[in-house]
Amino acid sequence: RACNLSACSSKLAFSQVHPMWQEPLAIPGGDRQSPIDIVVRKSVFDPQLRPLKVQYDPRTCQQIWNNGYSFLVEYDDTTDKSTVKGGPLEDQFRLCQFHFHWGENNAWGSEHSIDRRLFPAELHLVHWNSDKYSLFEEAVIEENGLAVIAVFLKIGKRHEGLQKLVDALPAVRHKDSLVEFTKFDPACLLPENIDDYWTYAGSLTTPPLTEAVTWIVMKRHIEVSHDQLAVFRSLLFTSAEEQVQRSMVNNFRVQQAVKGRTVRSSFT
Ligand SMILES: NS(=O)(=O)/N=C1/NCCS1
Ligand SMILES: [Zn+2]
């Protein structure tokens, strides 16, 4: 079993133009929505933030599938084999999947931005609080239920670790396609230094948009090649049966109001 979007993805119509889907105008009482622009000079250094402790076991990697928003690499989250703790987190969180958001070109694509700087893509490693809950679907509605690590992608040298994933993408070109995908260590997608990050209380950026996420946004980016990102853009939002095929690009949510929230930094 691995967490997946189908449990909570609602049938939202895609609009033809940005943003990628016709989202509800505002989440009722939404005062901690994501993504946001991180204004560095307004972030507050918190010396009590500890280093993140990430422990991933590649043997928990199970499959990759196209859910019509992004492609998800799903992990077996029935045990505490792949976890994150420390940093801003009070509890231990279990990895259930990772996915990306990207643009139609290299000028934009990330969901968060740093002083308005957008990146061509953004990785999300999704974890749920296994100290307090027993399923992702339970944790997803709790204010301390989820922790998502975000890593920006920049165009540069080829990312050797990513290539195994890139090579599997043609097999999940269409919405609802799925293939077995094993022995992938997501730690290879983290920057060398994971001690420098921003953290804030936010929400999921795709349905169910619940305000359950402790965001951990890495200061350091990783590099992928232009050709690797081009394969992301070869994916489709649409299923094989649909008449009109639409490229999976610009699958990011519009940025949301900060509404008085404080973004803390683990570094000065
Ligand atoms: N992009 S995101 O990670 O904030 N959104 C999600 N929705 C359901 C699982 S992860
Ligand atoms: Zn995401």
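Colleague: Leaving aside its neighbours within four places in sequence, which residues is T83 in contact with?
Modeller: In this predicted model, T83 lies in strand β6, residues 83-86, where strands (E, at least two residues) and helices (H or I, at least four) are DSSP runs numbered from the N terminus. Contact here means heavy atoms within 4.5 Å. On that basis, and with neighbours up to four places away set aside, the partners of T83 are K53, V54, Q55, Y56, Q92, F93 and R94.

Colleague: Before we go on, what pLDDT do local features need in this predicted model?
Modeller: Residues are numbered from 1 along each chain as its sequence is written, chains are lettered from A and ligands numbered from 1 in the order in which they are written, and side-chain values use heavy atoms, with hydrogens and water left out. Totals for chains, interfaces and linings use all residues, side-chain atom pairs count only at pLDDT 80 or more, and local features need pLDDT of at least 70.

Colleague: Is T83 buried or exposed?
Modeller: A residue is called buried under 20% relative accessible area, exposed over 50%, and partly exposed in between, with a 1.4 Å probe and protein chains only. The relative accessible area of T83 is 5%, so this residue is buried.

Colleague: Which residues are the protein donors of the zinc ion (ligand 2)?
Modeller: Donors are N, O and S atoms within 2.8 Å of the metal (3.2 Å for Na, K and Ca), and since water is not among the atoms, sites may look incomplete. Along the chain, the donors follow the spacing H-x1-H-x22-H. Lying 2.0 Å from the zinc ion, the protein donors are H99 (NE2), H101 (NE2) and H124 (ND1).

Colleague: How many residues apart in sequence are the parts that H99 and H124 tie together?
Modeller: Both H99 and H124 are buried. Because H99 lies in strand β7 (residues 93-102) and H124 in strand β9 (residues 121-129), the pair ties together parts whose separation in sequence is 25 residues.

Colleague: What is the geometry of the zinc site?
Modeller: Four donors count as tetrahedral if all angles lie between 85 and 135 degrees; four count as square planar and six as octahedral if opposite donors are over 155 degrees apart and all others between 65 and 115, and anything else is irregular. The angles among the four donor atoms of the zinc ion (ligand 2) are 98 to 118°, and the site is therefore classed, by the cut-offs just given, as tetrahedral.

Colleague: How many disulfides does the structure hold?
Modeller: A disulfide is a pair of cysteine sulfur atoms within 2.5 Å. The sulfur of C61 has its closest cysteine sulfur in C188, and because they are 10 Å apart, this is too far for a bond. C61 is buried, at 3% relative accessibility, whereas C188 is partly exposed, with a relative accessible area of 30%. The number of disulfides in the structure is zero.

Colleague: How many aromatic pairs does a search of the whole structure find?
Modeller: Rings of Phe, Tyr and Trp (its six-membered ring) pair if their centres lie within 6.5 Å, with planes under 30 degrees apart counted as stacked, over 60 as edge-to-face and the rest as tilted. Ring pairs link F71, Y75, F98, F100, W102, F181, F184 and F232 into a cluster. Over the whole structure, the number of aromatic pairs is 11.

Colleague: How many residues apart are F98 and F184, whose pair links distant parts of the chain?
Modeller: F98 forms an edge-to-face pair with F100, 6.0 Å centre to centre and with 85° between the planes, and a tilted pair with F184, at 5.8 Å and 40°. F98 is buried, with a relative accessible area of 0%, and F184 also counts as buried, at 3%. F98 is in strand β7 and F184 in the loop between β11 (178-180) and β12 (197-202), and their separation is 86 residues.

Colleague: Leaving aside neighbours within four places in sequence, which residues is G161 in contact with?
Modeller: G161 is found in the loop between β10 (146-155) and α2 (163-168), and is partly exposed, with a relative accessible area of 27%. With those neighbours set aside, G161 is in contact with F184 and C188.

Colleague: What percentage of the residues of the chain count as buried?
Modeller: The secondary structure of the chain comes to three helices and 15 strands. Of the 268 residues, the buried share is 56%.
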